[in-house]
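Here are my notes on the structure, as numbered points. Please read them with the sequence and the model open.

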Amino acid sequence: MQRSVLVIIIACIGILYFAGCESQPEKEERLAKQYCGSCHTFPDPALLDKKTWTDKVLPQMAFRMGFSNMQMLMQMSDADREIVVQTLPPQPMLSEEEFELIRKYYQRMAPDSLTLLPPPVTKPITQFEITPLKLPVQGIPLVTLIKADTLHQKIYIGNRYGKLYTFTNAFILQDSLQLESPPSHMHVEKDDALLLLMGIMDPNDQAHGKLVNLHQPQKPVLESLQRPVHIQKADLNNDGLPDYIVCAFGNYTGALQVYENVGKDTYKKHVLLGMPGARNTIVRDFDNNGLPDIAALMTQGDEKIVMLLNQGSFNFRLNTLVQFPPVYGSSYFELIDFNNDGKLDILYSNGDNADYSITFKPYHGIRIYMNDGTNHFTQSWFHDMYGASQVRAADYDNDGDVDIAAISFFPDFKHHPENGFFYFENTGNGFTAQTTPLATTGRWLTMETSDIDQDKDIDILLGALDFDSDVPRTLLEQWMRDKTSILLLKNKLN
């Protein structure tokens, strides 16, 4: 007993001794890793330049760690402010002196500017016949949803104005519907069509989002969703009733949620991950226990791809597959077997560049993480793509391997606006990047891939949301003049 006490005393003396001997730079680094790595992966100072750290990111970090900032609070709406205040610590998580040391660490260690990569070498796209299409709408193109309904040979296109258009596969307009708010995602079945409405599209924490049935939009299936962006329908407890998995993206708040169907149009909410930035999910029985599991991409700070293994009774075991720094801007993911070993690999894009660190980032792009067979993943391929916002994998050229289509919402509009879309052809020895000048006809936020013309090859649809930030005037004038809402890439294989 006395010996244990003596060991503790000696250990404490040692800690005090080394703390006293700690240099200023060592203390700065220790505090940065301690506090900046407490809620997410520690962000290396080299990921951003000094000015961005100092003027944008660190003030936001201070605010979220409990330091008062009336300017940030007053910039919010009253409704958002009330929600955000409840998420903040009642008092700062560290002293002002400690935070100043963290600020000095990033100022000292961050580069003056990021070293950018040269423009990628590309080839012209020849496999697709590319056609710009307009929508019958006034104003600039602001597409938020494209859904190809292969069961009924229809194409649904929704926009920021809350309008939903129904087209035939030949793009003949059949119908239009005015919705309460912009649609973000759609689930189509033989006799049913579910539509996810965002509520307020711009960053906010207000629970105005809804899930509605297209045939009865005035009677919501689910309400009070925080800026929802993705919906999945699955019977998670094998009781014969469909449950819903909702990515409530939110802003400061949000969640990955499951709504358990308890019968009679009533649902019980289960919060799987109570954090903002849930982007998209994939449902599959990954562990072969007879219950559907969920893979999900979480963005907005604690960026990661997770697997939630269904244990029954709406209990899930969390397994983090890949984790990313909080400035990566994770935007989309898919699971697909790239090497035909029977194991699902990860296809991932990162390029969200709209928050607190708006600058070209050499680590934005498309990545493949290979599965070793035990759900341990290692990056095997990366292609830089500023502002990459979505990625879709398929065998577009019908040669037996997986190709990739990718869009960017934040390309280099000044020098290389054509890099808003890449087609990566799998040659068997890597991927060949291909572009088209017609990719300059819009700012691409949404993408759909499907056999639109039913000729047994996969076509691609891009949707333009033409915000004007960081876009040269000449390009804006082109967008306003041409009003291209959709870019149709019709596969010419068959």
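1. In this predicted model, helix α6 (residues 96-109) packs against α2 with the two axes 8 Å apart and at an angle of about 105°. Angles from 65 to 115 degrees count as roughly perpendicular, and α2 and α6 are therefore roughly perpendicular to each other.

2. Which residues make this contact between α2 and α6? On the α2 side they are Gln 24, Pro 25, Lys 27, Glu 28, Glu 29, Leu 31, Ala 32, Tyr 35 and Cys 36. On the α6 side they are Glu 98, Leu 101, Ile 102, Lys 104, Tyr 105, Tyr 106 and Arg 108. By class, the residues of the contact of α2 with α6 are nine nonpolar, six charged and one polar.

3. The second largest pocket holds about 1000 Å³ of space. Its lining counts 39 residues, and His 40, Arg 64, Gln 300, Gly 301 and Pro 326 are the closest to the centre of the pocket.

4. Which element gives the largest share of the lining of the second largest pocket? That element is α3, with six residues. Sorted by class, the lining of this pocket has 20 nonpolar residues, 13 polar ones and six charged ones.

5. The residues that line the largest cavity are Ala 148, Asp 149, Thr 150, Lys 154, Ile 155, Asn 169, Ser 450, Asp 451 and Ile 452.

6. Strands β3 (143-149) and β4 (154-159) each supply at least two residues of the lining of the largest cavity. By class, this lining divides into three nonpolar, three polar and three charged residues.

7. A last point concerns confidence. The pLDDT of the protein averages 92, and 96% of the residues score at least 70. Where is the pLDDT below 50? It is below 50 over residues 1-18, a stretch that has zero contacts in the model beyond near neighbours in sequence.

Note on methods
Residues are numbered from 1 along each chain as its sequence is written. This is a predicted model: local features need pLDDT of at least 70, side-chain atom pairs count only at pLDDT 80 or more; totals for chains, interfaces and linings use all residues. Side-chain values use heavy atoms; hydrogens and water are left out. On a 1 Å grid over the protein atoms alone, a cavity is a set of points where a 1.4 Å probe fits but cannot get out, and a pocket is an open set with protein on both sides within 12 Å along at least five of seven lines; lining residues have an atom within 4 Å of a point. Grid points are joined across faces, edges and corners, and a volume is the space filled by probe spheres set on the points. Helices (H or I, at least four residues) and strands (E, at least two) are DSSP runs, numbered from the N terminus. Ala, Val, Leu, Ile, Met, Phe, Trp, Tyr, Cys and Pro count as nonpolar, Asp, Glu, Lys and Arg as charged, and the others, Gly among them, as polar. Axes are lines fitted to C-alpha atoms, for helices over the stretch in contact, and angles run from 0 to 180 degrees between N-to-C directions. Angles under 35 degrees count as roughly parallel, over 145 as roughly antiparallel, 65 to 115 as roughly perpendicular and the rest as oblique. Contact means heavy atoms within 4.5 Å. pLDDT is the predictor's confidence in each residue, from 0 to 100.
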